[in-house]
Amino acid sequence: MMKKKYLVIILALSFNWASSQIGINTPNPRGILHTDGQKDNPVSGSSFTPAQQSNDVLITNAGRIGAGTHSPAVKVDARNSGNGAVGFGTSALTAAAADEGAIRYNTGMEYSNGNEWLPLLTAQPAVNKVIVIAAKTDNTVKLVLPSALTTTGLQNRVSNYLVGWTKAFESNSGTTFDTSTGVFTAPRNGVYIATFTTDLAPLAINYTADPLNPIQIEAIWQLYDNTAGLLATNIVNTVKCVNTMSSNSNGNIDAGSNCTASFYMTAGQRLMPYIWFNLNALNTTGFSLNNTGGYNNLTIAEQ
């Protein structure tokens, strides 16, 4: 009778061990279910080489699955398998039926947000696109020509090349925009969207109407070739955006403009902003930008 009792106890313990850890091709399971594909694991102990783990599939007591690893860090972990690729099949389920978070292959990878299947970005671009954001908060300009000496104060009826910028952001290496000269240099062939806004400090508009020289302020982008010069012979293209003033003012008012243009630039070509205005009879360099409120900004973005 005593022997029968011992046998029942041993069988009960065996059943409990078997139900808690199951090993296939291994007497030494390391989880709830452990399959040793090549039967190359040690029969005892807890030391397994990466090569021995690489052909194993394991389910832990935390409900994690390791394919090629005995220590899955996430719900499904295929690292150390020798080939960590994970395959996803096609699915005819609607996004709602699959529920949010589901992933499928449908020509490209897609995920469900619970309402629709959306594409996953599966590859990064070969190069990161250039984006430049800058602000101008002083009155430094180069008058007439971008190669002239820097001066302080803008002038009526003269090209005022905007220099002395403060860079707020530039992606990549941060060398495509020269804040001191206001010159942007294309790092490679491509399309670039350039925009800038400008605003003069409040002033009285009191210029006699002239059909050949209307009362206006112009925001202008000038594109230069990829040589070292900033002369008229180096100009490739000019885009002008004009704001006209209908009449003289009784008091001081703001006069501003903005210009957005798309340029195809080859590597090394240069882009520079300037303004021209015809607002009163003064031709001195005494005009100022509205340097408060963030009105004078530029953005250049590679497409």
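Student: In which strand is the place of Tyr105?

Tutor: This is a predicted model. Tyr105 sits in strand β6, which covers residues 103-106.

Student: Why is Tyr105 called partly exposed?

Tutor: The relative accessible area of Tyr105 is 37%.

Student: What makes Tyr105 part of a nonpolar patch on the surface?

Tutor: The patch consists of Val86, Phe88, Ile103, Tyr105, Tyr111 and Leu120, with about 520 Å² of accessible area together.

Student: Why does Lys39 count as exposed?

Tutor: Lys39 has 60% relative accessibility, and exposed means over 50%, so Lys39 counts as exposed. Lys39 lies in the loop between β2 and α2 (50-53) and has a positive phi of about 55°, although it is not a glycine.

Student: Which class does Asn25 belong to, and why?

Tutor: Asn25 is partly exposed, because its relative accessibility is 38%. Asn25 is in the loop between β1 (22-24) and β2 (33-36), and its phi is positive, about 70°, although Asn25 is not a glycine.

Student: How many aromatic pairs does the structure hold?

Tutor: There are four aromatic pairs.

Student: Why is the pair of Phe277 and Phe287 called edge-to-face?

Tutor: The ring centres of Phe277 and Phe287 are 5.3 Å apart, and pairing requires centres within 6.5 Å. The planes stand at 75°, and over 60 degrees counts as edge-to-face, so the label applies.

Student: What parts does this pair tie together?

Tutor: Phe277 lies in strand β20 (residues 270-278) and Phe287 in the loop between β20 and β21 (297-302), so the pair ties together parts that are ten residues apart in sequence. Both Phe277 and Phe287 are buried.

Definitions and conventions: Residues numbered from 1 in each chain as written. Predicted model: local features only at pLDDT ≥ 70, side-chain atom pairs only at ≥ 80, totals over all residues. Heavy atoms only, no water. Helix = DSSP H or I, 4+ residues; strand = E, 2+ residues; numbered from the N terminus. Buried < 20%, exposed > 50% of the residue type's maximum accessible area, 1.4 Å probe, protein only. Patch = residues over 30% accessible without salt bridge, like charges linked within 9 Å, V, L, I, M, F, W, Y side chains within 5 Å. Areas by Shrake-Rupley, 256 points an atom, 1.4 Å probe, with all protein chains shown as cover. Salt bridge = Lys/Arg side-chain N within 4 Å of Asp/Glu carboxyl O. Phe/Tyr/Trp six-rings, centres within 6.5 Å; stacked < 30°, edge-to-face > 60°.
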